[in-house]
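Subject: Structure handover

Hello,

Please find the structure below. My notes on what was found in it follow.

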Amino acid sequence: MAAATSMAATIAASLPAPSTAPAPAAPTYEAIPASMSKVIDLEGEIPLQCVQLDGLVVSKIIKHSRDAQGSSAHGLVLGLDLDGTLEVSNSFPMPNHSPDDDDKSTKGIVRYQASMLRSLKDVQADDSIVGFYQAMMLGSFLNQTLVETQAIHQEKLRHGGVVIVHDLSQTARGNASFRAFRLTRAFLDALKRNNFSTSSLIDHRLTFSSILEELPVKVRTNALMGSFLQTLTEPSAPPVVGDHPSAATSTAALPPSFSTLNLGTASVSRNLEHIIEAVDAYKTEEGNLAYLHRQIAREKQKAEGYVTKRKEENAARVAQGLAPLPEEDVNRLFKIPPEPSRLESMLLLGRIDAYSKALAETSSTGLVKMYAAKTNSGV
Amino acid sequence: MSLTVESSAVYVQNTAPGFISTPGRAPTSVTVHPVALFSILDHYLRRTESQERVIGTLLGKRSDNGEVEVRSSFAVLHSETEEQVAVDMDYLKTMYDLHHKVNPKEVIVGWYSTGSNLNTYSALIHDFYSQEATPHQVVHLAVNTGVVEGEKACVKAYIGSPVGVYPKPENCVFVPIPCELRFNETERSGLDLLTTTATAPNSTTPHPVTDLEVLEQSLKSVADMLDRVLSYVQSVLAGEVKGDAVVGRYLMDTLGASTEDLEKKGFNSSLQDTLMVSYLASLVRSQAEVSARLALVTST
């Protein structure tokens with residue numbers, strides 16, 4: 001938790017202040033052609049409709065996520081927004097933040113980020129931060145760090161920024177998965193007040209599914225990369241005419257792959273383990289909450305008992321013609337603890353849900369594959 | 001997975017593979033990760049008008065058998081005129097330090113440039129990078145982006161070798177070495193996503209797609225291939241085409257695979273397991289949903 005806040009603070013410190021719109025608008029408009037004047041908004045008024053990921057970003061995120069297996073990989077994404085589409089054109093990984101040496105490494109990360117942005121600008125790459133990315137396993141990514149980082153981004157960045165999550169296990173299964181999210185307004189409001197008591201949750205109608213809203217993602221490759229990829233996938237002409245026909249196709253740098261047809265269900269047991277772990281964590285958290293609730297109830301009861309006793313006493317004193325004792329000191333004598341935050345338990349529920357969703361998908365594709373294999377074999 | 005265009009050139013190597021690694025030993029082959037390639041292409045796309053080619057640094061690992069693994073790359077500022085060539089050393093140092101922080105295992109293994117012309121400046125830059133990476137030798141990756149008409153997009157790898165009685169930095173023979181595309185199998189689906197995107201209209205694809213959709217695509221393409229094979233076999237049987245024994249044997253090996261694992265009982269028990277897991281998953285999901293709703297209900 002301490003690490004979470006410190007990382008969030010790091011990013012807060014390193015982000016540029018929300019850029020105020022340049023005051024002399026007249027000369028700027030001249031540079032914008034008439035056809036583009038509707039799609040370029042200096043004030044950031046056009047709401048975001050979808051996120052467009054460049055091929056470079058896709059491959060960079062996949063590589064970083066794989067390299068940093070075990071520890072969670074995260075980094076910043078850079079780009080521009082145009083007519084409701086957030087075009088993400090570049091990204092860079094962030095060094096892993098260790099919670100031990102806080103102050104020094106925080107400064108180091110701020111320096112790292114600033115210097116990286118400057119360097120990218122020097123080679124004409126985009127240098128405006130539009131969000132961050134996070135790697136995850138088996139569909140579950142909700143945690144406090146992510147929520148807090150995104151909350152800061154949403155306040156500081158133009159258009160609020162997005163968080164792009166990449167599922168490592170799904171990619172390994174043959175379906176590269178990228179999703180983009182933002183925090184919902186209701187959740188942001190609750191987070192700003194730092195109030196996740198039951199009544200606040202009811203007011204904001206918050207459940208785990210309404211923490212984040214998803215934005216549709218598009219993947220785009222630029223023409224140069226597209227043509228290069230085509231060169232890689234197309235089989236080069238067989239060196240000798242009349243060669244082995246099966247060998248002719250395998251000369252392409254990128255032969256077609258059918259790894260999705262693999263019948264193996266290795267990830268199922270790990271997925272189940274994750275679910276059990278998450279359920280256990282949720283159980284513990286619920287236990288804590290119940291304990292705190294009982295304590296609150298006990299304290300309240302004590303305080304009420306004291307008040308009624310004092311009232312009776314006072315009534316007796318009044319009847320005897322004495323001055324009544326003050327009733328206000330009850331707040332001083334009994335400290336009623338504040339209602340516990342339900343944020344953690346909500347996030348845990350979200351994780352359980354995500355894990356079981358991943359499990360359901362795996363089993364449904366597993367079924368299809370099994371029947372496909374069965375009909376093929378003619379059993 | 002060769003990246004280079006077929007040529008009749010023979011790779012000249014003066015050391016037999018399998019030697020103990022010594023500093024300064026010449027790399028014998030290069031493997032390139034797709035990320036490095038895509039970064040180079042992106043850099044080329046973002047060059048200024050006056051730049052004819054762009055250069056940058058290759059980061060990666062060296063292995064004992066003389067293989068150099070290029071895992072990522074970053075752009076470096078440089079300028080070339082008729083008289084001189086300049087590489088921004090400070091920029092290179094800064095960028096290298098930044099990359100080193102995130103990925104300490106990756107070191108400078110060489111440099112890239114776009115276009116396939118090797119000139120005196122290439123030799124000079126190569127010499128510069130050699131000093132950066134001493135005692136190891138560096139590799140040079142010439143990426144032809146394929147924008148010049150009549151030239152195919154390809155990647156070639158070279159090592160530098162001094163030439164002449166008195167070696168001078170501007171004199172250098174670039175000896176070609178084999179170069180391959182290499183990536184981890186788990187990253188394959190990312191590349192598949194990009195290749196389908198590249199062939200799609202507008203070069204964009206909607207995302208995310210469910211696992212089932214991806215599976216459907218692969219099953220369809222398998223069905224297509226089976227159809228093709230079937231029509232070929234039928235035309236051979238009808239005597240329209242002369243059968244190829246190699247193809248026949250290949251088909252026999254592929255399609256005649258044993259189906260013993262799929263005998264009735266195994267299939268059924270596996271089916272039950274899968275259904276059980278699927279049931280469990282939906283049970284957990286509904287419990288989580290109910291629990292979340294119940295949290296919103298107060299006792300009063």
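Y158(B) is buried in this predicted model, because its relative accessibility is 10% and the cut-off for buried is under 20%. The residue forms an aromatic pair with F174(B). That pair is edge-to-face, with 6.0 Å from centre to centre and 75 degrees between the planes. F174(B) is buried as well, with a relative accessible area of 13%. The two residues belong to distant parts of the chain, 16 residues apart: Y158(B) is in strand β8 (residues 154–162) of chain B, and F174(B) is in strand β9 (residues 172–177) of chain B.

Over all chains, the structure holds five aromatic pairs. Another of them joins W111(B) and Y129(B). Here the rings are stacked, at 6.1 Å centre to centre and with 5 degrees between the planes. Together with F128(B), W111(B) and Y129(B) form one aromatic cluster.

A charged side chain also meets a ring in chain B: R47(B) lies over the face of Y44(B), at 4.1 Å from the ring centre.

Next, the surface. M276(B), Y279(B) and L283(B) make a nonpolar surface patch of about 320 Å². Y279(B) is located in helix α7 (residues 264–294) of chain B. Because its relative accessibility is 52% and exposed means over 50%, Y279(B) counts as exposed.

Finally, the record. An unreviewed UniProt entry carries the annotation "domain: MPN" for residues 30–164 of chain B. In the model, that span is 29% helix and 37% strand.

To recap the ring pairs: Y158(B) and F174(B) are edge-to-face, while W111(B) and Y129(B) are stacked.

Regards

Terms used. Residues numbered from 1 in each chain as written. Chains lettered and ligands numbered in written order. Predicted model: local features only at pLDDT ≥ 70, side-chain atom pairs only at ≥ 80, totals over all residues. Heavy atoms only, no water. Phe/Tyr/Trp six-rings, centres within 6.5 Å; stacked < 30°, edge-to-face > 60°. Helix = DSSP H or I, 4+ residues; strand = E, 2+ residues; numbered from the N terminus. Buried < 20%, exposed > 50% of the residue type's maximum accessible area, 1.4 Å probe, protein only. Lys NZ or Arg CZ within 6 Å of the ring centre and 35° of its normal. Patch = residues over 30% accessible without salt bridge, like charges linked within 9 Å, V, L, I, M, F, W, Y side chains within 5 Å. Areas by Shrake-Rupley, 256 points an atom, 1.4 Å probe, with all protein chains shown as cover. Salt bridge = Lys/Arg side-chain N within 4 Å of Asp/Glu carboxyl O. UniProt positions renumbered as here; feature names shortened; annotations may be inferred.
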